Amino acid sequence: MNSPYYQSNQSMDKYIPFNKPYSPGSEFRYMEIAISRKHLSGDGIYTKTCHAWLENQLYCRKALLTHSCTGALEMAALLLDIKPGDEIIMPSYSFVTTANAFVLRGGVPVFVDIRSDTMNLDETKITEAITSRTRAIVLIHYAGIACEMDKIMEIAYQQNIYVIEDAAQGIVASYNDRPLGSIGHLGTLSFHETKNISCGEGGALMINEPKWIERAEVIREKGTNRSAFFRGEVDKYSWVDVGSSYLPSEVSAAFLWAQLEDAENITEKRMQIWEQYHRGFLELEVKGIVFRPVVPDACLHNGHMYFLVLNDARTRSRLINDLKETGIQTAFHYVPLHNSVAGKKYGRTAGELPNTIRTSERLIRLPLWVEMTQDQVDLVIDAVYSSLGLKKKHKTFFSGSTQQKDWRTSTQDMKKR
Ligand SMILES: *Cc1c(COP(=O)(O)O)cnc(C)c1O
């Protein structure tokens with residue numbers, strides 16, 4: 001314990017980072033097995049095991065691991081044959097690649113406002129953004145809390161357009177008991193270091209339309225029918241379509257498997273921290289000082305993120321600085337895509353986006369990672385109260401879930417379907 005690493009860590013004792021990657025421990029053994037099997041490129045035994053888990057737990061027709069959620073979104077754009085001038089409706093309050101994957105094919109992002117409660121795409125603003133060139137809606141489930149999927153799917157069927165769920169933040173979360181990513185025509189997941197389940201860099205495409213499965217395999221394998229060849233369906237493989245290389249290596253898949261296996265535990269821990277924050281900030285919300293996240297009845301989330309929305313941008317800056325001085329790292333979130341240099345160049349805006357702007361100026365994300373202790377969560381809560389000029393009345397130690405539904409019972413329900 002005399003290593004310089006340990007010492008430098010010790011001086012950081014009081015520091016609470018925004019994120020700390022979780023390690024279940026079993027990944028070392030799985031990576032060793034992968035290495036000893038002498039198959040390190042993609043689609044070996046661990047990739048297949050991860051595919052089966054995703055298909056069984058998340059009810060998609062086919063899951064394919066990719067090197068990132070960005071890669072999965074690019075595959076979605078290729079599968080939909082997005083052509084120059086095709087329009088894709090999406091929230092402006094989102095990550096860059098939600099738009100970029102489609103812009104790469106010449107698609108035009110059409111930016112729509114978000115709801116002021118869930119920060120998700122405002123389903124009542126979609127219809128007026130649709131034109132004869134609209135091909136798809138790409139939505140994100142912000143903080144793992146689902147969009148109004150029933151309404152969105154209804155609009156999509158009526159207008160004959162596709163729905164892609166960017167479920168990067170939504171693994172094992174659900175909407176009316178349906179796992180996120182399995183409701184739209186396609187879904188994407190991220191296993192980036194900052195996500196609930198991670199392998200550093202990684203992702204998956206969830207295919208819910210059987211007609212796309214074979215083509216998705218080809219696109220993922222550089223435009224070749226290599227996957228069919230290995231199943232013995234063709235006697236040689238060759239270039240048959242457009243595509244690129246989207247596979248992760250077996251080392252990544254082995255690492256990921258350790259986390260997928262532990263998904264229940266990871267989600268439970270994150271939910272406990274989320275609940276502790278949520279109870280802790282009730283008083284501030286009642287006093288009109290912050291807005292807390294809103295979880296609609298149809299949604300079961302996954303504790304991906306805890307955020308607060310302040311009353312103005314100045315209060316948020318002060319809060320971020322005050323917490324930083326206490327040794328607590330926080331983060332704001334998306335800079336609206338419609339106001340960005342590339343967003344203006346490649347996209348267009350449908351109407352006014354007041355909620356997007358308001359949220360991007362006032363939202364703050366708090367530290368949330370699996371091994372955070374109850375004391376650390378309370379330190380953050382106390383620091384927020386004191387920055388906002390209040391003293392916290394009660395301790396907020398976790399004492400059982402206050403959610404109406406439990407994550408495990410809900411997954412068991414899912415398994416039964
Ligand atoms: C993290 C994230 C992405 C990007 O994921 P990568 O795996 O890093 O490509 C895309 N969309 C959303 C909504 C995200 O949160």
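This is a predicted model: local features need pLDDT of at least 70, side-chain atom pairs count only at pLDDT 80 or more; totals for chains, interfaces and linings use all residues.

**Pocket**

Domain 1 (12-20 + 263-387) and domain 2 (27-261) both contribute to its lining, so the largest pocket lies between them. I get a volume of about 580 Å³ for the largest pocket. It is lined by 28 residues, and the ones closest to its centre are Phe-95, Gln-169, His-192, Thr-194 and Lys-195. I also checked which elements supply two or more lining residues: α4 (69-79), α5 (96-103) and β14 (363-366). Sorted by class, the lining comes out as 14 polar, nine nonpolar and five charged residues.

Next I went after the nonpolar residues. In soluble globular proteins, nonpolar side chains tend to be buried together. Here the largest nonpolar core holds 65 residues, and the ones with the most contacts inside it are Leu-54, Ile-137, Tyr-142, Ile-171, Leu-189, Phe-191 and Leu-260. Helix α9 (residues 250-261) is the top contributor to this core, giving six residues. Both domain 1 (12-20 + 263-387) and domain 2 (27-261) put residues into this core, so it also sits between the two.

Skipping residues up to four places away in sequence, I find Ile-137 touching Ile-89, Leu-121, Ile-126, Ile-152, Ile-161, Tyr-162, Val-163 and Ile-164. There is a second, separate core too, with 31 residues, including Leu-79, Leu-80, Met-90 and Ile-213.

**Thr-356**

Is Thr-356 buried or exposed? Its relative accessible area is 0%, so I put Thr-356 down as buried. I located Thr-356 in helix α14 (residues 354-362). Ignoring residues up to four places away in sequence, Thr-356 touches Ser-92, Tyr-93, Val-112, Asp-113, Ile-114, Pro-336 and His-338.

**Arg-135**

Last stop was Arg-135, which I found in strand β4 (residues 134-140). Arg-135 has a relative accessible area of 23%, so I noted it as partly exposed; the cut-off for buried is under 20%. Which residues does Arg-135 contact, leaving aside its neighbours within four places in sequence? My list for Arg-135 reads Leu-80, Asp-81, Ile-82, Asp-86, Glu-87, Ile-161 and Tyr-162. I also took one distance: Arg-135 and Asn-160 are 25 residues apart in sequence, and their C-alpha atoms are 8.2 Å apart in space.

How values were computed:
Residues are numbered from 1 along each chain as its sequence is written. Side-chain values use heavy atoms; hydrogens and water are left out. On a 1 Å grid over the protein atoms alone, a cavity is a set of points where a 1.4 Å probe fits but cannot get out, and a pocket is an open set with protein on both sides within 12 Å along at least five of seven lines; lining residues have an atom within 4 Å of a point. Grid points are joined across faces, edges and corners, and a volume is the space filled by probe spheres set on the points. Helices (H or I, at least four residues) and strands (E, at least two) are DSSP runs, numbered from the N terminus. Ala, Val, Leu, Ile, Met, Phe, Trp, Tyr, Cys and Pro count as nonpolar, Asp, Glu, Lys and Arg as charged, and the others, Gly among them, as polar. Domain bounds come from an automatic or database domain assignment. A nonpolar core is a set of buried Ala, Val, Leu, Ile, Met, Phe, Trp, Tyr and Cys residues joined through side-chain atoms within 4.5 Å. Buried means under 20% relative accessible area, exposed over 50%, partly exposed in between (1.4 Å probe, protein chains only). Contact means heavy atoms within 4.5 Å.
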